[in-house]
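Subject: Structure handover

Hello,

Please find the structure below, followed by notes on what was found in it.

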Amino acid sequence: MSHLSSPPQKQKGEHKGRGLPRGSERGSSSRDKDRSATVSSSVPMPIGGKGSRTNCSPSVPQKVPNRLINEKSPYLLQHAYNPVDWYPWGQEAFDKARKENKPIFLSVGYSTCHWCHMMEEESFQNEEIGHLLNEDFVSVKVDREERPDVDKVYMTFVQATSSGGGWPMNVWLTPNLQPFVGGTYFPPEDGLTRVGFRTVLLRIREQWKQNKNTLLENSQRVTTALLARSEISMGDRQVPPSAATMNSRCFQQLDEGYDEEYGGFAEAPKFPTPVILNFLFSYWLSHRLTQDGSRAQQMALHTLKMMANGGIRDHVGQGFHRYSTDRQWHIPHFEKMLYDQAQLAVAYSQAFQTSLLPPQISGDEFYSDVAKGILQYVARNLSHRSGGFYSAEDADSPPERGMRPREGAFYVWTVKEVQNLLPEPVLDATEPLTSGQLLMKHYGLTEAGNISPSQDPKGELQGQNVLTVRYSLELTAARFGLDVDAVRTLLNTGLEKLFQARKHRPKPHLDSKMLAAWNGLMVSGYAVTGAVLGQERLINYAINGAKFLKRHMFDVASGRLMRTCYAGPGGTVEHSNPPCWGFLEDYAFVVRGLLDLYEASQESSWLEWALRLQDTQDRLFWDSQGGGYFCSEAELGAGLPLRLKDDQDGAEPSANSVSAHNLLRMHGFTGHKDWMDKCVCLLTAFSERMRRVPVALPEMVRALSAHQQTLKQIVICGDPQAKDTKALLQCVHSIYIPNKVLILANGDPSSFLSRQLPFLSTLRRLEDRATAYVCEDQACSMPITEPCELRKLLHQ
């Protein structure tokens with residue numbers, strides 16, 4: 001199988017020990033490069049070898065659907081015609097397992113997961129394997145994006161009892177939902193060094209019949225140990241750890257793992273991991289006069305530049321792929337996830353801000369152009385016409401209609417294709433040159449292809465190329481004696497022609513499921529980027545996204561968010577019945593999006609809704625005894641052996657880390673002490689985790705720093721439609737100031753914010769002009785009316 005998307009091995013130490021947070025924590029399948037299966041067990045399990053090999057030839061899929069045909073999840077629907085008697089996660093399956101005294105086979109994945117497709121095709125479409133599952137197990141299929149609570153609980157087991165974890169995740173449970181064997185991808189048959197899925201099923205069936213009591217006892221023992229190990233609580237601690245110490249340790253750990261040449265924080269595979277970049281920018285700001293501060297900024301900017309130049313970025317259609325399979329960011333795993341686009345748009349906007357140094361008033365447009373490209377891709381490919389955002393695009397698609405899907409087929413190019421599309425001669429070049437040759441030189445295309453055989457062992461991509469920037473515009477121009485602007489125009493024209501040609505290829509599968517959490521991240525992406533760049537059009541996308549969330553993913557009667565909704569026929573929006581209610585990350589990420597949207601739009605209704613959602617989050621998820629938030633509601637997770645608190649910032653930030661920031665900001669917007677108290681309790685509860693492995697929680701370390709510094713309340717007094725007000729607001733947005741709240745005071749003492757913060761009514765406009773005040777510790781600066789003066793004060 002192709003290592004092009006060969007998923008990384010997830011070592012327990014990488015996220016439970018001292019290692020860097022890995023993007024593989026979420027959103028990738030997991031198989032190390034030497035083994036096709038990872039098996040974990042709470043009891044000794046014999047592993048099948050060459051002698052137990054059995055041929056399992058896949059047959060034509062059944063035309064009669066199983067019960068998954070009634071589900072809304074695109075992932076579950078992909079399995080609706082398997083010969084496996086699948087159940088969705090629910091009481092019907094659990095009752096059947098108890099009544100028939102059978103183990104539960106739980107299989108977890110998501111619709112754009114390459115290795116999930118492989119196992120579905122190889123094993124779940126196989127009649128013989130389907131019969132074995134139906135006779136001896138109760139088979140349950142779960143979309144991890146619909147039920148992150150189920151995914152987290154059993155991934156905790158797999159990671160704790162094996163060398164890794166990822167998707168597809170396959171776990172065998174007792175009828176009481178306690179795990180006893182788990183693994184990731186299994187091939188259908190045994191190999192010399194790997195166990196086949198059919199063998200695993202036969203061994204577990206035999207163990208269940210002969211040693212069931214031992215299985216149950218060991219399963220209970222492992223569950224008890226996991227419960228103790230996963231507990232996060234304040235205990236006897238009264239205060240969180242020192243921010244200065246945690247900051248320094250987190251930076252040093254990142255510095256040790258940094259790739260000087262190509263950026264990023266691992267050899268391979270490499271993940272974008274925006275939470276690390278956010279931390280580095282914050283660290284730079286608070287240490288910018290030191291060598292370490294300059295180093296942090298350089299690490300973040302260089303990583304972002306190398307990623308943007310690499311093949312992990314889609315240079316033709318924009319947006320970023322999931323991760324790079326090599327150190328150079330060259331050959332990606334080609335799926336595109338919404339949460340990556342959302343966070344990277346913010347990261348590149350912050351890079352634009354931090355590359356701005358006085359007396360400049362504008363940053364490096366390389367970064368802002370990348371951010372705009374990401375949002376252009378999302379608007380075109382991942383947007384519902386009612387304002388919501390889809391989850392992902394698949395890595396696989398048919399090279400031509402009617403052919404079997406291959407990973408990356410939609411995105412790769414041959415030299416012949418490019419030459420045929422771009423045959424025009426380039427005038428004024430120092431040698432005969434076509435537009436196609438210029439583009440191929442700049443983006444590293446070769447006749448033999450630029451994908452190494454080690455990344456394509458099945459030879460499916462021979463002669464194919466992934467576009468990656470090999471030279472600067474200046475070097476390409478000098479090579480052919482051309483003007484830099486002329487080269488830029490020629491390359492952009494060439495990319496547009498490739499984009500138009502690519503429209504005729506079979507498209508990758510679109511996961512049209514919409515998740516509240518990821519939509520919240522995307523609202524932030526559009527709001528922050530729109531505010532930084534001063535583009536109302538982008539802010540309007542954020543407004544429409546927030547309106548979609550309120551209209552389609554919010555239950556007014558209960559005040560609760562729904563986790564999911566789905567694109568229906570004719571542009572409609574559909575929901576599952578009963579609805580899938582929101583998890584902690586849905587509330588935390590939506591609240592963050594709404595706070596960002598208020599600062600970008602100055603429409604207080606978004607701030608008011610954020611405060612109401614925070615109240616609901618506190619009611620449903622807060623641990624009043626131990627501090628911090630549980631990932632799921634107590635009722636929703638009834639029956640699961642663990643109720644967890646997410647303790648790692650990975651491909652997405654931990655919802656507790658985001659909540660810590662949200663609580664600080666809401667205290668700044670309202671002055672309500674209870675939110676500050678909750679933030680302190682949360683940070684204290686995670687003290688031990690931060691002390692042990694600060695690099696696993698860079699977003700929470702950032703929140704800890706913000707708490708122990710002084711939050712700036714930047715107040716602009718003025719008419720929101722007036723030019724002088726907008727000039728002051730844009731001045732604030734253009735500067736990187738993460739530890740602040742931005743407030744518009746329009747002079748109305750009855751306004752929402754004036755009622756929250758009575759001191760706002762004491763601030764006046766100077767000479768009837770828009771006026772800014774920077775307030776800290778209940779003390780405000782002198783009034784400022786000129787953007788240049790405000791810029792000087794904020795840069796201090």
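Helices (H or I, at least four residues) and strands (E, at least two) are DSSP runs, numbered from the N terminus. This is a predicted model, in which local features need pLDDT of at least 70 and side-chain atom pairs count only at pLDDT 80 or more, while totals for chains, interfaces and linings use all residues. Residues are numbered from 1 along each chain as its sequence is written, and side-chain values use heavy atoms, with hydrogens and water left out.

Two strands pair if DSSP finds at least two bridges between them. Strand 3 runs parallel to strand 4 (residues 138-143), joined by 6 bridges; Gly109 has Asp143 as its bridge partner there. With strand 5 (residues 169-173), strand 3 pairs in the antiparallel sense over 5 bridges, and Ile104 stands opposite Leu173.

There is also an open sheet of 4 strands, in the order 20-19-21-22 with mixed pairing. Its edge strands, each pairing on one side only, are strand 20 (740-745) and strand 22 (779-780). Strand 21 (residues 771-776) and strand 22 run antiparallel, joined by 2 bridges, with Glu776 opposite Ala779.

Finally, Lys507 lies in the loop between helix 17 (484-502) and strand 13 (510-511). Lys507 counts as exposed because its relative accessibility is 55%.

Regards

Conventions. Buried < 20%, exposed > 50% of the residue type's maximum accessible area, 1.4 Å probe, protein only.
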